[in-house]
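Subject: Structure for you to look at

Hello,

Here is the structure I said I would pass on. Please open it first and then read the notes below.

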Amino acid sequence: MLLWCPDWPVIAAEIVDGVPATDPVAVLHANRVVACSEQARAEGVRRGLRRREAQGRCPRLTVVDHDPARDARAFEPVVAAVEELVAGVEVVRPGACAVAARGPSRYLGGEEAAAERIVEHVAQACAVESQIGIADGVFAAGLAARSGRVVPPGGAPRFLADLPVEALGRPALADLLRRLGVRTLGDFAALPAGDVLARFGFDGALAHRLAAGRDHRPLAVRQPPADLAVTADQDDPLDRVDAAAFVARALAERLHDRLAAHGLACTRLGIEAVTAHGQELHRVWRHDGLLTAAAIADRVRWQLDGWLSGGRPGRVGARPPRPTAGIIRLRLVPDGVIAQGALQPGLWGEAGEERERAHRALSRVQGILGPEAVVTAVLGGGRSPADQVRLVPWGDERLPARPGPPPLPPRPDPLPDGPDAARSSGTVRRSRPGRSTRTGEPPWPGRLPPPAPAVVLPEPLAATVHDAAGEPVEVSARLAVSAAPARLAVGTARPVEIVGWTGPWPVDERWWAPVEARRRARFQVGLADGSALLLAVEGGRWLVEAIYD
């Protein structure tokens with residue numbers, strides 16, 4: 001039993017993007033029409049037409065880009081509606097799903113009655129038109145759904161025999177078969193299977209089985225996800241932390257028992273609350289180990305404390321504003337679950353036990369001041385030290401903002417030959433800029449060589465650099481240094497002698513966008529007082545960007 005929604009890419013565009021499916025609409029992929037609305041077909045638009053030809057036949061045609069993800073998202077409610085009546089649904093593709101007909105036909109009063117009931121339920125629940133075809137296999141049922149037919153048991157070969165070979169959905173194979181004189185599925189099924197395999201290969205042999213009404217596999221049904229969320233409704237709004245904590249503990253134990261019954265553990269917990277005034281609150285907590293009932297209760301209590309102990313509305317302060325009314329509904333959603341056997345125990349106990357104290361303290365601060373109150377650094381790619389560091393809230397996924405490896409420790413190779421190396425002392429090493437030291441990692445042209453600086457200044461400091469004669473050091477557009485840097489003065493401080501330097505490291509970013517374009521050169525310098533700095537010269541101005549340890 002296969003349910004088919006006609007012109008599903010067009011219907012999905014209407015559901016998600018609001019494109020009216022009653023107008024002439026065409027969905028394009030690679031500049032060709034892959035689906036069109038009924039009104040577009042009435043004006044001559046067909047699948048396979050190029051965009052210009054389709055618009056020539058229908059000047060008022062609305063063109064929509066093909067988006068398989070949009071089609072799948074829009075089809076999920078339809079599948080859920082089918083699962084409300086029958087079990088064991090296989091999604092063939094967005095717009096078509098199949099179920100075994102034996103069960104529904106028994107408890108819904110026959111195959112035709114079951115088909116009518118499913119079509120009616122989908123129309124009421126999702127406002128989507130659909131048709132159902134019933135046959136011995138998924139392929140035959142899909143073709144029968146085009147006309148809403150019920151093929152009697154054993155009648156699939158006879159039903160398929162008169163259909164053209166284009167029904168296989170393989171244009172190249174269909175074109176070849178027609179040139180060989182094979183025009184219908186019956187003619188193709190009559191060919192010897194061994195000859196078909198030798199001439200057309202494995203895919204041709206599979207199409208030969210489908211043409212004969214023999215499906216190559218049983219239904220691959222999906223298991224509907226279990227509803228693991230727990231909810232507690234309150235007649236009296238909760239406006240005190242101690243009363244809310246009591247409810248949270250009971251709700252946490254219910255959630256933990258429900259997860260344990262499915263052999264699951266929660267690693268990401270969603271806490272949702274609704275106030276008496278209809279205000280909705282939501283926060284997600286992450287954890288690197290097993291969230292026990294006590295751990296879930298603690299996090300819910302901390303979050304409720306953060307909400308109910310917030311600042312007064314309209315008052316400026318560090319805390320988020322407190323809700324205008326008490327909480328009447330509390331819901332816990334296990335946003336991320338894994339099998340309990342997949343948890344890796346820690347070195348001194350359960351998974352993440354050695355970090356539990358830090359988690360509790362930092363999570364407590366987040367519950368009061370918000371997730372942005374505690375952040376950690378994540379290293380990634382980039383050209384400057386500031387670009388290579390991204391601050392993420394504690395507990396969030398530590399994903400770099402830019403691809404590429406983080407800076408690596410310096411290699412103990414000797415300084416390479418070159419004019420910059422001859423001017424440099426042993427305090428600062430030089431390597432080729434933009435060259436990645438890891439195989440397979442994308443390089444960042446202009447990236448600073450290791451080692452990475454210890455302190456990256458939030459705002460660069462103005463500086464002046466002079467040569468031995470006291471003249472300002474300048475860098476030309478061709479990266480020619482006017483003289484060797486000899487003294488550095490940061491702001492109004494006294495000048496310090498430069499004992500070693502290397503550079504320049506040129507960076508020319510976003511040159512195609514004049515407003516955002518930046519062109520600068522960086523220098524690494526070692527000073528007589530033992531410190532080392534990262535300098536940048538941009539527009540004739542010297543800046544201190546970072547400090548080496």
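Two strands count as paired if DSSP finds at least two bridges between them. Helices (H or I, at least four residues) and strands (E, at least two) are DSSP runs, numbered from the N terminus. This is a predicted model, in which local features need pLDDT of at least 70 and side-chain atom pairs count only at pLDDT 80 or more, while totals for chains, interfaces and linings use all residues. Residues are numbered from 1 along each chain as its sequence is written, and side-chain values use heavy atoms, with hydrogens and water left out.

The barrel. Six strands close up in the order β14-β15-β16-β17-β18-β19, with antiparallel pairing. From one strand to the next the twist averages 40 degrees; axes are lines fitted to C-alpha atoms (for helices over the stretch in contact), and angles run from 0 to 180 degrees between N-to-C directions. Leu488 has Val496 of β16 as its bridge partner.

The open sheet. Four strands are arranged as β5-β6-β1-β7, again with antiparallel pairing. Its edge strands, each pairing on one side only, are β5 (89-93) and β7 (131-133). Here the twist averages 25 degrees from one strand to the next. Three bridges link β1 (residues 2-4) to β7, and Trp4 stands opposite Gln131 of β7. Helix α4 (residues 68-83) lies across β1, β5 and β6 (96-99), at about 150 degrees to β5.

The largest pocket. It holds about 1100 Å³ of space. A pocket is an open set of points on a 1 Å grid over the protein atoms alone, where a 1.4 Å probe fits, with protein on both sides within 12 Å along at least five of seven lines; lining residues have an atom within 4 Å of a point. The volume is the space filled by probe spheres set on the points, which are joined across faces, edges and corners. Of the 34 lining residues, Trp4, Arg47, Val92, Arg93 and Arg146 are closest to the centre. Helix α7 gives the most to this lining, with four residues.

Asp305 belongs to helix α13 (residues 293-308).

Regards

Key
Contact means heavy atoms within 4.5 Å.
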